[in-house]
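Visitor: Please take me through one part of this model in detail. I would like the contact between the chains, and what lies around it.

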There are 2 protein chains.
Amino acid sequence: MSGTALPDTASRRIMGIVYGVGTMGRVRARLMVEKGVEIVGAVAQSPQKVGRDLGEVADLGFETGVIVDDDAERVLAKQPADIAAVALASYLDTMFEHFERCLRHRVNVVTIEEESFYPWMTAPARATELDRIAKEHGVTITGSGQQDIYWMNIVSLLMGAAHRIDCVRGRTTWNADDYGPAVAAEVHLGDTSEHFYRLVADKERPSFVVRNTLDALVADVGLTTENVLLSIDPVILDEDLWCKTLDTMIPAGRVVGVVERGTVETHEGPKLTFEMTGRIYSEGEVDTNEWLITGEPAELRLFNDCVPTPFTTCAQVVNRIPDVINAEPGFRTVDQLPKLRYRPYPLAHYVV
Amino acid sequence: MSGTALPDTASRRIMGIVYGVGTMGRVRARLMVEKGVEIVGAVAQSPQKVGRDLGEVADLGFETGVIVDDDAERVLAKQPADIAAVALASYLDTMFEHFERCLRHRVNVVTIEEESFYPWMTAPARATELDRIAKEHGVTITGSGQQDIYWMNIVSLLMGAAHRIDCVRGRTTWNADDYGPAVAAEVHLGDTSEHFYRLVADKERPSFVVRNTLDALVADVGLTTENVLLSIDPVILDEDLWCKTLDTMIPAGRVVGVVERGTVETHEGPKLTFEMTGRIYSEGEVDTNEWLITGEPAELRLFNDCVPTPFTTCAQVVNRIPDVINAEPGFRTVDQLPKLRYRPYPLAHYVV
C-alpha cells in the first residue's frame, strides 16, 4: 500500500525500448512516457519511420532524442534497458527471433503478440526455448493486451462467484479498422468467401487469438483441457463497406472480417466457448464484450459496452510492465502474475 | 495447475462449523457439504433451530448427525475445526465476541459481516485486536461476500485497463426481501421518513456496506484516502408494496429500503463513488451491478444483469475458504488474498 507522501522515484527510472512503432506502438510509446519510462530505443521496419525522432513518429509533441532504427541488434547493444514493449506481428514463429534478441540482451519483454498470451499448447517448443533463454539471462517475457483483463482475468474472476459451472460463453467484437494494415490483412479484408476458405484449409491457419485466450483461462482457473474445437468463418455483408485502414471500398459479397469460435471441453466439467468477431464496422457499431456463465447459479452475466479496445490494449500492456520486471525469470504468462492494477504513480514506483 | 487425474482428497478433509444458520447460513451449509467440507458443528440462536439436525434446518435432504447448538463455546470446544463460516449480524462491535471465540479455539473465520470486509478505517481498534488474537493462535479471519468480486475485485481489475482515472462510479441494487428479517430490519422497512432520518441522526449509523467496500477498493488499488463523504436516504414509493420476509404490506409513503452513497477522494486523483440500493422490489425488478470509469480512455463500462446476489454471496464465501486457511495468520482482508477462483474440486484440494 502506498504511503501518503509521493514516492521517491527520482532515483530510479525504468529504461524502455519501443519495439515496433505501428498503430499500437505509437500509443504505447506515449503512455510509457507519461508513466515515467525513459525511452532509450525505438525499432521499426518501415522506411517512412526509420531515421526520424520517435517523438515525431509517435506524435508525442516533443523530440525524444531517440532515433527510430531498423537494426534492433544495434539498439539493444547501445545501452541497457529494463523492458522492451514489442508489437510487430502475430504468431510466435514469426516473432521468435525478435523476442530472443531482447532476452539475450537481458531486456524483459512485454508483447501483444497473441500466441504469447498462452503459448504452451500451440507453440510449446518455441515457448520452452524462450523460457530457457529468459531464465539463462535473468529476465522475463509475458504476453498481455486486451486478452489480459477483458477476455481472461475478468472471466476467471467472475467464475469465482459460481458454485458449479456447466458452460462459460464469451462473445466479443473489435473493429479491424483500428489496428493498421497488418491486422487488416489478418482478417482477409476484401477476399472472396471461396478464396478465404481455401486459404484457411491450405494453411491450417491457427486461431488468431481465441485458442490462446481460452488456454490461458483454463490455466488460470486450474482446469484441464480434454478437447479443443476451433472454427473460423468470414463475415460477408450484402452492401459495400468503406475500410479506412486500406483506404478502399470493400464490395458487397466480399470478406469484411472474421468470426473465430473456440470451445474447450475440460476434465472438470466446464465447457468454455469464446466467439470473437474482428471486422470492419458499419456506421455506429462499437466494440462489446459479453460473458455468460451457466450452472449453479443458473446464470452469471457480464457485459462491457463501448469498449475502447485499441486504447485498453495499450494501457494494459503498459500497466503490466512492473509485473513483468518483478516476475521470476522465464516465460511468465499472466495467470502467473499478480492482479493487473491501475498505476497512478510512475511505473518505477511499482518495481520491487 | 491440476493434473489430469482426480486429486487424492480422501486423505484430508476440511472440518467446518456453520456459525449462524439463517437465510444465508442454510445455503452456505449446503455449498460447503457439496464442496467436501465435513460439517462438525452448527451454531444458531433461534429456539426453532436449536436441538434439531443441521440437515433438517438447512434443507440438506439428509441427516448430518450435527445438532444445532446455541452454545458456541461448547461447539468449538467439542472438536477441532479448520474453518467457521460466520453469518449472524452486522458490525464488528456486535460480532467481535463471536470472532474472538473462534480464533481462540484456533479456528479460521470467514464471514459476511460487512465491516470485516475492510475494517481498518471504521473499526481499527477492534480489527487490530482480532488481528493480534488471530496471529497468537495461528489462524486467519477474512470478510467476503458479494463485495468480494462484484463490488471490489471486478472494479479494481477493470481499473487496470485505464491509463488515467478521474472517477470510478458504481451503482448496485439488491432485494432486501432475500436475506431474512435481520437484514430487513437494517433497511428500516415500514418506517416513516421522519423517523428514519431521526434514527440516522441519533445513532450516527455508519454505512452498512458502502464505506467498507470503498475502503477495500482503495487499498486493493494502492490509493490513499484523503476524504470520505457518506449519505443515506430512504426509498419511498407512492404505492403499497408486499414484503415477503416480514409477511406484511408496506403502505405507500413508508420506507421500503435505503440508498447509501459513499465517495472517497484520493491523494492520487481518482474519486470513487458507490451507490447501493437495498430495497423491497416491485414486480419484475432484478439485482444489477454497474460501474463506469472515466479518465483516459474516456469511459470504461461494466454491467452485470440479473445478479443472483443471495446465492453468489454464499458461493464466494465458500470458494474463499481455501484462501483463508492458506493465508498468513491475522486479519487478512481480500486485497491481501489470491484471486478468488472457481473450485471444481473439493475445497481440501486447494489447501496447501
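Guide: Two strands pair if DSSP finds at least two bridges between them. Helices (H or I, at least four residues) and strands (E, at least two) are DSSP runs, numbered from the N terminus. This is a predicted model: local features need pLDDT of at least 70, side-chain atom pairs count only at pLDDT 80 or more, and totals for chains, interfaces and linings use all residues. Residues are numbered from 1 along each chain as its sequence is written, while chains are lettered from A and ligands numbered from 1 in the order in which they are written.

Start with the strands of chain B. Strand β10 (residues 255-266) and β11 (residues 271-279) run antiparallel. Nine bridges join them. B:G257 has B:R279 of β11(B) as its bridge partner. Four residues lie between the strands of this hairpin, and among the hairpin's residues B:G269 takes a positive phi near 120°. β11(B) also pairs with strand β6 (residues 164-175) of chain B. Here the strands run parallel, again with nine bridges. B:R171 is bridged to B:E275 in β11(B).

Now the contact itself. Residues are in contact if their C-beta atoms, placed from the backbone, lie within 7 Å. Chain A gives 43 residues and chain B gives 43 residues. On the chain B side, α6 (146-159), α9 (210-221), β13 (299-304) and α10 (309-326) each supply at least two residues. α6(B) has the largest share, seven residues. By class, this side of chain B holds 23 nonpolar, 14 polar and six charged residues. Ala, Val, Leu, Ile, Met, Phe, Trp, Tyr, Cys and Pro count as nonpolar; Asp, Glu, Lys and Arg as charged; the others, Gly among them, as polar.

The same surface serves both copies: 100% of the contact residues of chain B recur in chain A.

Last, helix α6 in chain A. A kink of about 40° is centred on A:N153. The bend at a residue is the angle between axes fitted to the seven residues ending there and the seven starting there.

Technical notes:
Two residues are in contact if their C-beta atoms, placed from the backbone, lie within 7 Å.
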